[in-house]
Amino acid sequence: SHIDALIKISTSLGLSEWVIFHGPKFGAEKEVLLNNAAVMVLPSRAEGFPNVALEAGCVGIPVVLSKVGAAEDIRHAYGSGAVIFEVNDAKMLAHIIESVLKNVESYAASAKAAANGAALFTPQRMCEALVGIYRSVTLSRTNL
């Protein structure tokens, strides 16, 4: 519902040649986007756990996330494969994107780190972590 406003803003800023608002993509269409991406940027003001960061990491795409929701957890897991920035800091966001793309050697290391970090969030590992949390809650309640 915000697409028209976003297009107007990007046009007024002279970014219409650089920014594409493609909407949701699934299956083969999403694979094409991921396979052609150099960096995944999610400048969000409210985000829980962005699965798109896992999808990008799985194919070795570094991620740039605003500091909301699980961004710190993802950055911790991804190491140099994820960079976070403060919400609304557009200058920092632009600087980070440029930095990620600037150096071929550090980009390759970031891409590998993103892939390794995404591997920490497999369904099996996530289930094990969730069961572990439930166990600790259950044990703490029985010890009351």
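Visitor: Which handedness does the β-α-β unit made by E2, H4 and E3 have?

Guide: To read such a unit, point the strands away from you and follow the path from the first strand over the helix to the second; if the path runs clockwise, the crossover is right-handed. In this predicted model, E2, H4 and E3 form a right-handed β-α-β unit.

Visitor: How many bridges join E2 to E3?

Guide: Strand E2, residues 63-66, is joined to E3 by four bridges, and the two strands run parallel. You can look for two spots along this pair. Val-64 stands opposite Val-83 in E3, and Ser-66 has Phe-85 of E3 as its bridge partner.

Visitor: And where does helix H4 pack?

Guide: Helix H4 covers residues 71-78 and packs on the sheet, where it touches E2 and E3. Its direction makes about 150 degrees with that of E3.

Visitor: What is the order of the strands in the open sheet?

Guide: With a sheet, read the strands from one side to the other. Here the open sheet has three strands in the order E1-E2-E3, with parallel pairing. The edge strands are E1 (40-42) and E3 (82-85), each of which pairs on one side only. Neighbouring strands of this sheet are turned against each other by 15 degrees on average, with direction ignored. Helix H3, residues 51-58, also packs on the sheet, touching E1 and E2. The direction of H3 makes about 170 degrees with that of E1.

Visitor: How many helices and strands are there in the protein chain?

Guide: The protein chain has seven helices and three strands. The C-alpha atoms fill a box of roughly 60 × 40 × 30 Å, taken along the principal axes.

Visitor: Now for the spaces. What shows where empty space is left?

Guide: The general idea is to roll a probe the size of a water molecule over the atoms, which shows where empty space is left. In this model the largest pocket has a volume of about 2,100 Å³. Of the 43 residues lining that pocket, Val-19, Ile-20, Phe-21, Val-41 and Pro-43 are the closest to its centre.

Visitor: Which element gives the most to the lining of the largest pocket?

Guide: Helix H5 does, with five residues. At least two lining residues come from each of helix H1 (3-12), helix H2 (27-36), E1, H3 and helix H5 (90-102). Sorted by kind, the lining of the largest pocket holds 28 nonpolar, eight polar and seven charged residues.

Visitor: Which residues line the largest cavity?

Guide: A cavity differs from a pocket in that the probe fits inside but cannot get out. One cavity of 30 Å³ or more is counted here, and the largest cavity has a volume of about 40 Å³. Its lining is made of Leu-42, Ser-44, Glu-47, Pro-50, Leu-65, Ser-66, Val-68, Ala-70 and Ala-71. These divide into six nonpolar, two polar and one charged.

Conventions:
Residues numbered from 1 in each chain as written. Predicted model: local features only at pLDDT ≥ 70, side-chain atom pairs only at ≥ 80, totals over all residues. Heavy atoms only, no water. Pairing = 2+ DSSP bridges. Axes fitted to C-alpha atoms, helices over the stretch in contact; angles between N-to-C directions. Contact = heavy atoms within 4.5 Å. 1 Å grid on protein atoms, 1.4 Å probe; cavity = no way out; pocket = protein on both sides within 12 Å on 5 of 7 lines; lining within 4 Å. Points joined across faces, edges and corners; volume = space filled by probe spheres on them. Nonpolar A, V, L, I, M, F, W, Y, C, P; charged D, E, K, R; others polar.
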